[in-house]
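I opened this entry to keep a record of what I looked up, in the order I looked it up.

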Amino acid sequence: MKSIGDSILSAIIAFLVRVSFWPKVFFVDKAQQDLKLKEPSILVCNHRSHLDGPVLNTVFRKETIHSLAAKDRFEQKTFGFFLRHTNCIPIDRQKADTSWIYQSLQILNVQKENIAIYPEGRHAEPKKLLPFHSGVSLLAVMAKAPIVMVYMDSPHRFGRRTKLLVAPPYRIEIPPTGITADFAEEQTKLLQKKMEDLMNQFYSKIENS
């Protein structure tokens with residue numbers, strides 16, 4: 001549960017994001033025109049800027065979203081302060097860290113709140129996705145939670161409107177054979193293909209609107 005101080009900090013960040021980037025949201029399914037998540041969900045987003053998390057949290061302002069962030073960022077004095085006070089979960093990129101999965105399961109299934117994941121890691125190349133890591137598929141299956149994919153126009157610049165395209169939620173169904181390494185890899189590739197399709201749709205229909 002957020003402290004009063006954390007809530008005030010989140011409100012200040014949301015205000016600064018709105019006046020700086022005034023984000024605008026588009027939907028693949030126009031009937032979906034609602035930023036209310038119907039149940040605890042896993043938000044999967046592309047990642048080119050440290051500001052992606054604050055923008056995503058501002059857009060889904062009525063929801064509580066816990067974002068995964070690199071553990072080494074928590075060790076930075078200023079940036080680490082913001083991560084620790086804005087519902088972020090550390091993940092160690094240097095070794096096989098599974099603690100974030102158990103924290104995320106607790107958040108999704110017990111706290112009934114949401115997780116945001118950036119499965120490609122942060123990079124600077126426009127109109128490109130890096131290979132996805134498989135942890136998101138494993139989490140979605142273990143939590144039985146829907147995935148909501150978001151493509152975000154990034155990096156963000158002051159006075160330039162940030163645009164986002166949100167896809168309808170979908171679930172990963174567990175096959176009769178159960179969860180195997182091949183199944184997780186197959187679902188991760190499918191997830192990346194869905195994000196590539198969302199990216200292409202963004203640039204063909206949304207970018208200049």
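This is a predicted model: local features need pLDDT of at least 70, side-chain atom pairs count only at pLDDT 80 or more; totals for chains, interfaces and linings use all residues.

**Entry 1. Helix 1 and helix 2**

I began with the pair at the N-terminal end of the helix numbering. Helix 1 and helix 2 pack with their axes 9 Å apart, at an angle of about 100°. The two are therefore roughly perpendicular to each other. From helix 1 I listed Ile13, Ala14, Val17, Arg18 and Phe21 in the contact, and from helix 2 Pro54, Val55 and Thr58. I sorted these residues by class and got 6 nonpolar, 1 polar and 1 charged.

How many of the residues of helix 2 are buried? I found 6 of 8, so I put helix 2 (residues 52-59) down as mostly covered. The buried residues are Asp52, Gly53, Val55, Leu56, Thr58 and Val59.

**Entry 2. Ser20**

Next I looked at Ser20, which lies in helix 1 (residues 4-21). Is Ser20 buried or exposed? Its relative accessible area is 13%, so Ser20 is buried. Setting aside residues up to four places away in sequence, I found Ser20 touching Arg157, Phe158, Gly159 and Arg160.

**Entry 3. Helix 5 and helix 6**

I then took helix 5 (residues 99-110) against helix 6 (residues 135-143). Their axes are 10 Å apart, and the packing angle is about 40°. That angle makes helix 5 oblique to helix 6. The crossing of helix 5 past helix 6 is right-handed. On the helix 5 side I noted Trp100, Ile101, Ser104, Leu105, Leu108 and Asn109, and on the helix 6 side Gly135, Val136, Leu138, Leu139, Met142 and Ala143. I counted 9 nonpolar and 3 polar residues in this contact, with no charged ones.

**Entry 4. Helix 6 and helix 7**

Helix 6 also packs on helix 7, where the axes come within 8 Å and cross at roughly 105°. That makes helix 6 roughly perpendicular to helix 7. Here Val136, Ser137 and Val141 of helix 6 meet Phe183, Ala184, Gln187, Thr188 and Leu191 of helix 7. The contact of helix 6 with helix 7 holds 5 nonpolar and 3 polar residues and no charged ones.

**Entry 5. The nonpolar cores**

Which members of the largest nonpolar core touch the most other members? Among its 35 residues, these are Ile42, Val44, Leu139 and Met149. The elements giving two or more residues to this core are strand 2 (42-45), helix 5, strand 5 (114-117), helix 6, strand 6 (147-152) and helix 7 (181-206). Helix 7 gives the most, with 8 residues.

Not counting residues up to four places away in sequence, Met149 touches Val44, Leu165, Val166, Ala167, Tyr170, Leu191, Lys194, Met195 and Leu198. I also found a second, separate core of 21 residues, which includes Phe27, Val59, Val150 and Leu164.

**Entry 6. Met199**

Met199 is buried, with a relative accessible area of 8%. Apart from neighbours within four places in sequence, Met199 is in contact with Lys127, Lys128, Leu129 and Tyr151. I also took the C-alpha to C-alpha distance from Met199 to Leu165, which is 8.4 Å for two residues 34 apart in sequence.

**Entry 7. Backbone geometry**

Last, I went through the backbone angles. Most residues other than glycine have a negative phi and most peptide bonds are trans, so I noted the departures.

Which peptide bond is cis, with omega near 5°? I recorded the one from Ser154 to Pro155. Pro155 lies in the loop between strand 6 and strand 7 (163-166).

For positive phi, I recorded Asn87, with a value near 60°. Asn87 is in the loop between helix 4 (77-84) and strand 4 (88-91). I recorded Lys144 as well, with phi near 55°. Lys144 sits in the loop between helix 6 and strand 6. With a relative accessible area of 63%, Lys144 is exposed.

Note on methods:
Residues are numbered from 1 along each chain as its sequence is written. Side-chain values use heavy atoms; hydrogens and water are left out. Axes are lines fitted to C-alpha atoms, for helices over the stretch in contact, and angles run from 0 to 180 degrees between N-to-C directions. Helices (H or I, at least four residues) and strands (E, at least two) are DSSP runs, numbered from the N terminus. Angles under 35 degrees count as roughly parallel, over 145 as roughly antiparallel, 65 to 115 as roughly perpendicular and the rest as oblique. A crossing is left-handed if the near helix is turned anticlockwise from the far one by less than a right angle, and right-handed if clockwise. Contact means heavy atoms within 4.5 Å. Ala, Val, Leu, Ile, Met, Phe, Trp, Tyr, Cys and Pro count as nonpolar, Asp, Glu, Lys and Arg as charged, and the others, Gly among them, as polar. A nonpolar core is a set of buried Ala, Val, Leu, Ile, Met, Phe, Trp, Tyr and Cys residues joined through side-chain atoms within 4.5 Å. Buried means under 20% relative accessible area, exposed over 50%, partly exposed in between (1.4 Å probe, protein chains only).
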